[in-house]
Structures are given as C-alpha cells and as structure tokens.
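Work through the exercises below using the sequence and the coordinates. Each task is followed by a solution in steps.

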Amino acid sequence: MLTRNCLSLLLWVLFDGGLLTPLQPQPPRTAATEPRENAVHLPGQRSHFQRVKRGWVWNQFFVLEEYMGSEPQYVGKLHSDLDKGEGTVKYTLSGDGAGTVFTIDETTGDIHAIRSLDREEKPFYTLRAQAVDIETKKPLEPESEFIIKVQDINDNEPKFLDGPYVASVPEMSPVGAYVLQVKATDADDPTYGNSARVVYSILQGQPYFSIDPKTGIIRTALPNMDREVKEQYQVLIQAKDMGGQLGGLAGTTIVNITLTDVNDNPPRFPKSIFHLKVPESSPIGSAIGRIRAVDPDFGQNAEIEYNIVPGDGGNLFDIVTDEDTQEGVIKLKKPLDFETKKAYTFKVEASNLHLDHRFHSAGPFKDTATVKISVLDVDEPPVFSKPLYTMEVYEDTPVGTVIGAVTAQDLDVGSSAVRYFIDWKRDGDSSFTIDGTEGTIATNELLDRESTAQYNFSIIARKVSNPLLTSKVNVLINVLDVNEFPPEISVPYETAVCENAKPGQIIQTVSAADRDLSPSGQQFSFRLSPEAAIKPNFTVRDFRNNTAGIETRRNGYSRRQQELYFLPVVIEDSSYPVQSSTNTMTIRVCRCDSDGTILSCNVEAIFLPVGLSTGALIAILLCIVILLAIVVLYVALRRQKKKDTLMTSKEDIRDNVIHYDDEGGGEEDTQAFDIGALRNPKVIEENKIRRDIKPDSLCLPRQRPPVEDNTDIRDFINQRLQDNDGDPTAPPYDSLATYAYEGNGSTAESLSSIDSLTTDADQDYDYLADWGPRFKVLADMFGEEESYNPDKVT
C-alpha cells in the first residue's frame, strides 16, 4: 500500500508540474524560471544593469502521512540564487513543527520529516525559511513563508455515528415504502482520491428491505408484509469507501425494523355456540358469564364491541366489553325464575370499533356466535302474596278477634310448608298474635286509639324443610276511633262584657275540641243548658260551622250589682253514639269606653298590669309592709339617739357646745373647738389645722396673746372671734367654736349656760316657743324635761 501511494505521488509530481503549488498568482513558467524538482529557489540581490529573476516562490510541499520507513522522509529542498555552492550560505527553518517534526540541512537546504504524520490530526504545517550569510550572520534576503501539506492515504474506515438504528413501517405496506435513512462518516480527505467516497449495501435483511447505495435510504422490498406473521426484522447495513472498490475499508451498523399494526383482521369467535349455567337466585346486574372473540391485531385495532342480537331472551340480558381483556361480559337485567322458564337462547355479535377503509373489500369486520343460558333451580325462601299488608281495627274490638291474615308460598318444585312469626321491633309489644300455620292475625289486648293510633310490625315466613330460608313482610294496622269522649270548649273559658253592652251583641266566639278522632264532616252543636234558659242574661248562637257566639240579652250591665256571670253551654258531637258535655263560661263585667275597648274589670285590673296573679300581688304588698317597718324602726332609733344625747348635754353643759351648736365637723370633729381651754385657761392651744376643711396653700399664722390667769371669758372669746374672722382657713359657716358667746346686744341674749346663774331651781324654757319656728325643735326638747341642773363653770 505504501509503495503504491509513493508511486502515485511521484507520477503526480512528474506530470502535474512539481510539488510546489503557488499561494498567489505567478508569472508563466519558462525554462529559465522553472525551479528544480522539490526545491525552492531564493532570489539574490538585483543589479541596476541586469534583470534578476524571482527565485523565491510561495509554494507548498507535500509529505505522505503514516510514513513507516526507517529513514526520515524527504520533503523538499530550499535553495537561494545567491548560493554559489561555496558554503557561505546558511539555511534556517522556523514555524509549525520546525525542529520537532521537520528538520533542514543548513548547508544544502534539504527538508526531512523526522516522525510519522497523521492528516486527520493536523492536515498542514506553516513554516518560514531564511537564507543567512555565514560570515556576517545577516539575512541575504527577506524571510519567506511556505506550507507543508500532509498527503492523505486511506487509513480510516466509514463509521455510523448514530447507529444502531430503530425504525418502524406499517404492515401491508407496498414495495418501496420509506423506512429510514442511514449515514456513515469517513475521516479521510474527501477532496483527494476516493478515500472518503462511501457506498452502502445490505449484508443481512434481504429480500425484505433494500438500500440506496449512495443516499443510504432503506425501503421495503416485499409487498404485504404481515405483522401477525413476523413483527421484528434486524437489518445489517455496510458502508465501504473507495467507491466500493476492492481494497476499500468498510463499516457496518444494525437497523431494527418493526412492523406496526393496521386493522387488517376482523374479530372471530373461536366457537359458534357458548353454553352458560346461571342460578335463578342471581341478583340483577351481576355478571353471569364471559365470551370472547379473537382479533390478532394490536392496540385499538383489536378493540371489540359486543351486542346482543334481538331475539329470544335478549331483553333479560345485557353485554358489555371488558376494556382490559376485550371479553364480552354478560349481565342480568331482570330476575330469573326456574319455575317459569328454564333456558334462554340469543346471539351475540362482535365487531371492531376502528375500521381501516383500505381493507373493506376483504369483507365485514364482525362475527356472530350463539349463547345458550340454562337456569339452575335454587331452593328459595317463601314468597308473600303482597309486598305490604294493611289492616284496620276498632279500638273497642274484643281481645282475640281476628282482623286479617297473611299468606306466603314456597314456589320451588316440591313445595314445603310455611310457618309464620311476628317480628316485634322492641320487647313488650304484644298487642297482636298470629297463627303460625294459617297466618291469621288477632288482637291480644284492648286497644286505645288515643294511646296508639297505628301499629307497624313485620311477619316472618319460614320454610319447614329449610328453616334458614325466611321471608319478611311489613304489616300496618290502623286503629279506628270509637266516639267515647264528649266535645269540650276550646280556650278561652272566660270572657268579658262591657257595662254599656247592647242586646244582641256577640261578646265571644267559642269552638269545640274532641279527643276522639273526628271523622270527616262531623258537626258540633252549641246550646244553653235547660236551667240557664229561663230569663237568661246571655244566650248562645250556633253558627253551624263548629263555632258559636256568646250573645247579650239585655241593655247594659252593672259591676256594682253583679260582677261575674256563669253561663252553662252544652256541646254535642255528631258521632255514634252521640256524646255531649256542659261547659261553664265565666263572663266578667268590665268598664269600657264608647268604642267598646275594655278599660278595667275590677280593682285588681286597675292597679296591676295585665296578667298579674294574686300570688304576685301578695308578694308586692308584703315587700311594701317590710319596707315601712324598716323605716319606722329607723326613725325610732334616731329619736332614741337624740334623747340620749340631750341627757348627756344636761349633765355637762359644756358638752353642749360641741354636740349641738357646732355646725362644722360634728361630734367626731374634736379639733373644731377644744373645750379644754375653757376648763383650764392656762393651757395655750396649739395652732392646728382643721380637718373639716381643705386649707389653702397660703396659710396666715395665727397670733394668740397669752391668756393670763383670771382673764374674763368674754375677752377670751372675743379674741378668738377676731382670730377666726381674720383666718382665711376658717370655715365659711357658723360654729359654736366661734360664736358660742352671743353678747349683750343679742335679742336672745346668750344661749350658752356659761353665764347662767348657778341655782337648784327648775329652769323654764317656755319662752323659746315665742322665738319662732327656728327654735320650735329646741323648745320641744327642753320643754319635755321637768328639771334641768347645769354644771357650774369654774
């Protein structure tokens, strides 16, 4: 292979004009300008008198890739026109791979590749050449650039980068139906030779599929490929370079092709008759059997719809499709009875839901089968003749009277006897009994419609041959009413009449109530009792609609003469036997205004609110009495306290200054006036702030002159009077602490006992009554005492 490639390269150099390819336009080649083979000539210096040819040309060198020789591969030669062969010129090489991949002989300019190259790794190298004078070390001409291209060889096989492939095509497709396009990639140079020209072929998969050699498109090669026969195909594809010629490299890949389903097959029943056995006790709506039609198609193409063809038994059954198994599920629409009919036969049709119009010509896509159902006999419980029994009985029916009967039968072949039982809902219910053999129901106790108007219980029927089989039915017994209670007046039993009532005036409308269950259309009649019909003050007017009115018979009524009237009213019903009762109504005479509005009926109505009872009135009066007793007791205690205080003041007249005439703080205000100063004039009273007033922020100090012994009490009190008059903290009201001494100018003179003469004679206070109403209380207090002995003041 390497020898052939080298020979090809040599021939191409010889016939194509050498290895050098210009990078830019060049002048036409002549014998004088044509360089030597595998050489680049470098131009020398020009002369003003001689035209020098251009020796340096932008060319390309070629080197064969994957060179495996023992010696370095020769690439080309550099030569300058200034090099006379005397060894004065030195050639240098720089750029890509200089010194590592490519070397140059400094004297001859020969270039060699020192290692094997791979075009797919690096397709070309750019280098720079320079001719230098050995002695002067100066460049003989400017540096020039050239390219060394790696010459491609067919060393890479085609590869399917996207393989393996998966594809699908519908079954029954015509020849040439598109399946898939594959593509192989060759890393060799597509611009040089046939190394990268790929040709496709099928190694495995014929005769079902074919491939285009140039494009790699896979198509079907056989018509009517059936998925139901074979669904999966594995195709081996080869890609070969060198145009498929001998010696080219090849690569392969696998394509997995699946035939997709189409609805080309109708459903088919595996047999023409299906036999099913169903117990007669099967409940309505239950599944009693399954049938299935086979469709070799897949997915929605295999979906089947089942229908019952109208015919014998078709209205008792229904069929639906099981979506998971595509089976036809037969269900029961109506109950079965072995004794009535033992077998049913009908047809079932199976058809596809999704049809393909391309295959209509093949025939109808449906199939039909016959279904035979045999009903199996089952031992069943007794059956009552009615779903509900309703009976009636009068409430006065004697005990043991038969009021009705229930009937149950065993419909099975060889019927069994039936026994009956009452199923009471709660213990203690025993109003009725049943004959276990005949099923007759009788009363077991006296009934009372007013207590229980209706009875609802169940009766159980049980087979003698199989006691576990039972049936139950409800029995409803209505108790009929017997007229045993007389009618009575509905509320109210009391009414009122105005004093100014006129004759013929309706003062009250009454109605009747009967505890009996009155039949439809029953009438009540109202009338006065015979004893009240003689000279009646009131009468009863029957309105013939189960109501009556109380009517006045005279002009005006007087509360003073008679406050209450009692009117006996007789009421009869229309049932059998007729019941009647006498009801007494109370009529109260009331005072009314001109419009007939009641103002008052008695004392209780005047003072009490409407609806206040006698008990409430007694409670209110009792509370009032208790409150009055508390007030009287409190007043008595106050008077007793005043008497005790007066006795104390008579024993010591000096205390009277504090207890009676001090209008300031009262008895507990001991700082209002210190009587100790009167008893002992030598005591100097301290300046204390009174507690019965709130002092101002600015308080003027009191200046009291010392009280000397034997000072007259009048001067002392006058001095105190002046002090209090000038004191801003003094109270704004009179106080005996200030005005105990009235002076000689007073009409009443002094009220204090200080100036009173010491005597054992009785003091007469009668003159106090002449001083006016202000002194009346004082005169009454002192006028009651027979003697008064004041203490002496020292």
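**Exercise 1.** Determine whether C498 and C592 form a disulfide, and assign the handedness of the link.

Solution. The model is predicted.
Step 1: the sulfur atoms of C498 and C592 are 2.1 Å apart. The cut-off for a disulfide is 2.5 Å, and the two cysteines form one.
Step 2: the torsion about the S-S bond of C498 and C592 is about -85 degrees, so this disulfide is left-handed.
Step 3: C498 belongs to strand β33 (residues 494-498) and C592 to strand β39 (residues 580-592), so the bond ties together parts that are 94 residues apart in sequence.
Step 4: C498 and C592 are both buried.

**Exercise 2.** Describe the link of C590 and C601 in terms of sulfur distance, handedness and location.

Solution. 
Step 1: C590 and C601 form a disulfide with their sulfur atoms 1.7 Å apart.
Step 2: the angle about the S-S bond is 95 degrees, and the link of C590 and C601 is right-handed.
Step 3: C590 sits in strand β39, while C601 sits in the loop between β40 (598-600) and α2 (603-607); the two are 11 residues apart.

**Exercise 3.** Classify C590, C601 and C623 as buried, partly exposed or exposed.

Solution. 
Step 1: buried means under 20% relative accessible area, exposed means over 50%, and partly exposed lies in between.
Step 2: C590 has 0% relative accessibility and therefore counts as buried.
Step 3: C601, at 13% relative accessibility, also counts as buried.
Step 4: C623 has a relative accessible area of 45%, so C623 is partly exposed.

**Exercise 4.** How many disulfides does the structure hold, and which pattern do they follow along the protein chain?

Solution. 
Step 1: the structure holds 2 disulfides. One joins C498 to C592, and one joins C590 to C601.
Step 2: with bonded cysteines counted along the chain, the pattern is 1-3, 2-4.

Notes
Residues numbered from 1 in each chain as written. Predicted model: local features only at pLDDT ≥ 70, side-chain atom pairs only at ≥ 80, totals over all residues. Heavy atoms only, no water. Helix = DSSP H or I, 4+ residues; strand = E, 2+ residues; numbered from the N terminus. Buried < 20%, exposed > 50% of the residue type's maximum accessible area, 1.4 Å probe, protein only.
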